[in-house]
Amino acid sequence: MCGITGFTGKQPALPFLLQGLSKLEYRGYDSAGVTLVNSKKLTTWKTKGRLSELEKLLEKELPQSCGIGHTRWATHGVPSNMNAHPHMNEEGTISVVHNGIVENYTTLKEELIQVGYHFHSDTDSEVIVQLLDFYYKKKPVMKEALQKTIRHLEGSYALCITTIFEPNTIYVAKKESPMVLGRSKEGTFCASDAPALLAYTKEILPLQDGETAILNKDGLEVFDSKGRPIEPRYITFPYDIQSAQKGGYDSYMLKEIHEQPSAIRETLRGRFRGNQIILPKIEELEIDWNSIYNTVFIACGTAYHACIYANTIYQRYTGKMSYVMPASEFRYCDPAVDEHTLCIFVSQSGETADTLAALKLARAKGCVTVSVVNVLGSSIARQSDAVLYTAAGPEIAVASTKAYTTQLVLLHVLILKLAQLYGIRVKGIGKLIKDLKRLPELVEETLANDKTVKKYAGMLKDEHDAYFIGRQLDYPSALEGALKLKEVSYVHADAYYAGELKHGPIALIEKNTVVIALATQPEIASKTISNIKETVARGARVILITDQDMEAKEFKYVIRIPDMEPQLRVIPVAVLTQLIAYYAAKEKGCDIDKPRNLAKSVTVE
Ligand code: M6R
């Protein structure tokens, strides 16, 4: 990740590469680089930091008419000059940029080291260029070397390759990571996303999974997964640059809500072998797991809600006691934690001041610290004993959506792993893993409720207040739903355990009060339904989010989530409450991506 550009044509490539990358800047990145090629050599410039830093390294006039460019959002290896793309082979004759994740890169790397290859970065991507080199040296036909290389790659990739051996040609390949091609009278282009091309052409060719392409200055050829030529299929791209940057959605929040299937897929990539959970960073911790007596989950805001969920799951699966605390409280409460305590920190940014301070305190007290973080190399990631990364990609909207659901998923996997390390067998683990793997499709299915959600969310337009209620695992979902609604639509929203209503909050329910009721947990469903009916009896308008089986004839506004293990239902519920918040905010004309008074990363106390 995160941005790729490539150009070969009849004029200097650099202006296109840089302007294309600048049009992809919105996706977030931490380093940038380009390779330009002429008949004698490939020249690469790359640096940590912004595109402006890269531009400082470049001479004003660079005549080369073929090149590739990249902006990197770190996933393997911290942001640094070395880890920035492009990556080159030892002789500097092949240069590669890559988006995606090579799952089996450690195995490939070991095999290549054994046959004499040297690596200079911590990235998964560098194996690609070395593998290409390996095959090209066996038979110097780049198209074949590329086919052989991608056959060995497990995971996702969008690849763009230049080589001194064919100085006007760019090779491209794609699997589960986007890549688009285009052409104009100036030349032929490729990019990881359409906004990079739109200043040049609206005729776009989206490459499909398994396909490869060869670009030269007069045009391009596309090949299927077996390397057979196929007819290029162009489409006229329907959006202007600004809406293309948002993937055609009107806000980053909505785009990021819809990115959840792929964010979850990437987060789960490589985590299972049969019923075995693969988390090498946890396995490498030198700990006597049976000496862990306490576990505390610590975070802020949305990440804290993920912790409330994790706390329940942890107790269910391990049968051990655990605690959950907002970081802003933990850091000041003189917690009774020690070397027998496992502290799990959760943060999208990895820079939240309160969470970082809580982590430092836990370390000072000798606790074992594990973090679940989205931004690679961030402060919380660096300072924890072990870090697990969610693969949500850059989250731009202030309201957290895909970061939250990937946290839920990864925390779930982590807890399954901890149970295994404690020697505890989790009941029904086979079915759980099966449903975890199905989550991307189940979230797609959930998103198909979009129109219904939009209609129901309309009833919040003129409301001052709304209430989210749920029990057991529906309670963190209620908290998160209320936070999301407040944050983006400014409708005051509170969340309650449904069983607690009668102890006070029900006094607030009157005719037409909007109640978003969550009832997805079968073991408590009948109780929750009784609680919901108490609000209906007082005139509430109830939007009921429930499972496939719940008898709900008496309720007018019902949204059903797909069938799945109850422990995982929190994920589709989150998606639906995100959509409710989004549509309520849209109805009210709010600035959805930048809610008032809020910052994306809260780096001050
Ligand atoms: O980067 P972090 O996950 O540590 O951020 C924590 C909170 O500031 C964050 O989740 C905040 O609550 C979001 N704006 C919620 O949408």
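## A covered helix

Helix α1, which spans residues 14-23, is mostly covered, with seven of its ten residues buried. Keep in mind as you look around that this is a predicted model. The buried residues of α1 are L14, F16, L17, L18, Q19, G20 and L21. What do they pack against? The buried residues of α1 pack against the strands β1 (2-9), β2 (31-37), β4 (66-72) and β10 (187-191), and also against the helix α2 (51-57).

## A histidine inside

Now find H98, which sits in strand β6 (residues 94-99). Is H98 buried or exposed? H98 counts as buried because its relative accessibility is 1%, and buried means under 20%. Its side chain has a polar partner too: H98 makes a polar contact of 2.8 Å with the side chain of S125.

## Around the ligand

Next, turn to the ligand. Of the 14 residues around it, S347, Q348, S349, T352 and E487 come nearest.

| Protein side | Ligand atom | Distance |
|---|---|---|
| E487, side-chain N or O atom | nitrogen | 2.5 Å |
| S349, side-chain N or O atom | oxygen | 2.6 Å |
| V398, backbone N or O atom | nitrogen | 3.2 Å |

Taken alone, the ligand exposes 410 Å², and the protein buries 90% of that. Which kinds of residues make up the shell around the ligand? The shell divides into seven polar, five nonpolar and two charged residues. Two helices, α10 (301-318) and α17 (474-489), each supply at least two residues of this shell. The largest share, three residues, comes from α10.

## The nonpolar cores

In soluble globular proteins, nonpolar side chains tend to be buried together. In this model, the largest nonpolar core has 125 residues. Those with the most contacts inside this core are I282, L342, L411, L414, L485, I516 and I545. Which helix gives the most to this core? Helix α19 (residues 570-587) does, with 13 residues.

Leaving aside neighbours within four places in sequence, L342 is in contact with W289, I292, N294, T295, V296, V368, V370, L418 and Y422.

Terms used. Residues numbered from 1 in each chain as written. Predicted model: local features only at pLDDT ≥ 70, side-chain atom pairs only at ≥ 80, totals over all residues. Heavy atoms only, no water. Near = heavy atom within 4 Å. Polar contact = N/O pair within 3.5 Å; in protein donor to acceptor, adjacent residues only side chain to side chain. Areas by Shrake-Rupley, 256 points an atom, 1.4 Å probe, with all protein chains shown as cover. Helix = DSSP H or I, 4+ residues; strand = E, 2+ residues; numbered from the N terminus. Nonpolar A, V, L, I, M, F, W, Y, C, P; charged D, E, K, R; others polar. Core = buried A, V, L, I, M, F, W, Y, C linked by side-chain atoms within 4.5 Å. Buried < 20%, exposed > 50% of the residue type's maximum accessible area, 1.4 Å probe, protein only. Contact = heavy atoms within 4.5 Å.
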